[in-house]
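Here are my notes on this one, jotted down while going through the model. Ligand site first, then a bit of sheet.

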Amino acid sequence: MQYYSTNHQAPLVSLRKAVVKGLAEDRGLYMPEHIDKLPKAFFDNIQDMTFQEIAYTVADAFFGDDVDSDGLHDLVYDTLCFDCPVVRVTDNIYSLELFHGPTLAFKDVGARFMARLLQYFVRSESDRRMVNVLVATSGDTGSAVANGFLGVEGIHVYVLYPKGKVSPIQECQFTTLGRNITAIEVDGVFDDCQRLVKSAFMDEELNSHMRLTSANSINVARFLPQAFYYFNAYARMKALGLAEQLVVCVPSGNFGNICAALFGHEMGLPVKRFIAANNANDVFYNYLQTGRYEPQPSKQTLANAMDVGDPSNFARIYDLYGHSHERITQLISGATYTDEAIRQTMQQCHEATGYVLDPHGACGYRALKEQLRQGEVGVFCETAHPAKFKEKVDEILHIDTPIPDRLAAFMKGEKQSVPMTADFDQFKQYLMQK
Ligand SMILES: *Cc1c(COP(=O)(O)O)cnc(C)c1O
């Protein structure tokens, strides 16, 4: 399979190149040249397959040309060492719990898959230089990527995060690891971190000095594997007899997660329609209403992993539907919630159902509650474990959220990070010394 750039000004590349380069040289995002429909028999029997079997079938459609089948099998089974169950919240609303991985957020799926795919490629290369992964994080990406790559030989990871803008629990998940992981504390917001990373890829001098790649959801190996769990969610809902008119709602920030769901839909996944639920960062919501995409500075909210003012993967969604506002609005609707609405939703859901939402999942749940029509059943992504936002969740719900053991283990480590301004020259000088 070849990959093209959403800016259409760069040559087609192999999967290997797309994964190692991350971003195309024209600053576009890589897209698979074609998306094949999966056979009807697969969907007819999907409810009898395990998550791993389903994921392998989906992975084979994208990566089967470029990774041998034994290698791909190991990659998928090793990535998915945990489940992504669908849990009933109300009669017509189900939670797709994506937080059962090592760092308790959905990004574990993409990050673990990408780490293993990159290692698969690096091992078979003649270029023996270290591969340096740069990743900007608004919270959960950093921990998922750092843990996905921890101890992987031949790869060093730099995690850039906005100072004081990620939760203490999130921070300790990437600042306490050591080994091949370096945390960089940027005096700025998430968009500054993302800009530093993008600038680094564009800098010729830096790129001749070291091999750089990105592990943000701009990387095809990060975002595509997220399609796996949407197929699994469909299978589990079908087993319950609830998949006839399925609506999938994704709390969205950089739009990588919903983009994977849309790729699944292009492969034939029978989802009726999608909802992108936003916090106060409403650039996509406004695009749906007006047809104009106008990036904004990111606003800090309760659901901080969605504080993105210029979502990278918009370019992929726009490309996928031939730049047609009409096609996009036919399939996807939006929602935007203030912190106050998020709070009320968490309280209402907890009182009515006993289910504890995290602030991100709360946007998804609320959008389904408001927008589901007669006969439809909704699944929203619960993108992180509520304990990752313990201070907020406890304060809003007046409860004491238990901290799972694997999260508590991170909190015992010693924090180490490199301070950095938001100025690219300083970041470049730092990397040039490596
Ligand atoms: C990253 C993240 C999101 C947003 O996902 P995108 O793929 O960036 O749209 C939502 N919730 C949580 C908890 C996250 O970590």
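1. A polar backbone atom of Gly253 lies 2.8 Å from an oxygen atom of the ligand. Keep in mind that this is a predicted model, so treat every distance here as computed.

2. Phe255 has a polar backbone atom 2.8 Å from a ligand oxygen, and for Gly256 the distance between a polar backbone atom and an oxygen of the ligand is 3.2 Å.

3. How much of the ligand's accessible area does the protein cover? On its own the ligand has 380 Å² of it, and the protein covers 97%. As for location, the ligand sits in the largest cavity.

4. Now for the neighbours. There are 15 residues around the ligand, and those that come nearest are Lys107, Gly253, Asn254, Phe255 and Thr383. Sorted by class, the shell holds seven polar, six nonpolar and two charged residues.

5. What joins S1 to S3? Strand S1 covers residues 2-5, and three bridges link it to S3, with the two running antiparallel. If you want a pair to check by eye, Ser5 has Tyr30 in S3 as its bridge partner. As a reminder, strands of a sheet pair through backbone hydrogen bonds.

Note on methods: Residues are numbered from 1 along each chain as its sequence is written. This is a predicted model: local features need pLDDT of at least 70, side-chain atom pairs count only at pLDDT 80 or more; totals for chains, interfaces and linings use all residues. Side-chain values use heavy atoms; hydrogens and water are left out. A residue is near a molecule or strand if one of its heavy atoms lies within 4 Å of it. A polar contact is a pair of N or O atoms within 3.5 Å; within protein, one must be able to donate a hydrogen and the other to accept it, and residues adjacent in sequence count only if both atoms are side-chain atoms. Accessible areas come from the Shrake-Rupley method with a 1.4 Å probe; for residues, only the protein chains shown count as cover. On a 1 Å grid over the protein atoms alone, a cavity is a set of points where a 1.4 Å probe fits but cannot get out, and a pocket is an open set with protein on both sides within 12 Å along at least five of seven lines; lining residues have an atom within 4 Å of a point. A molecule sits in a cavity or pocket if more than half of its atoms lie within 2 Å of its grid points. Ala, Val, Leu, Ile, Met, Phe, Trp, Tyr, Cys and Pro count as nonpolar, Asp, Glu, Lys and Arg as charged, and the others, Gly among them, as polar. Two strands pair if DSSP finds at least two bridges between them. Helices (H or I, at least four residues) and strands (E, at least two) are DSSP runs, numbered from the N terminus.
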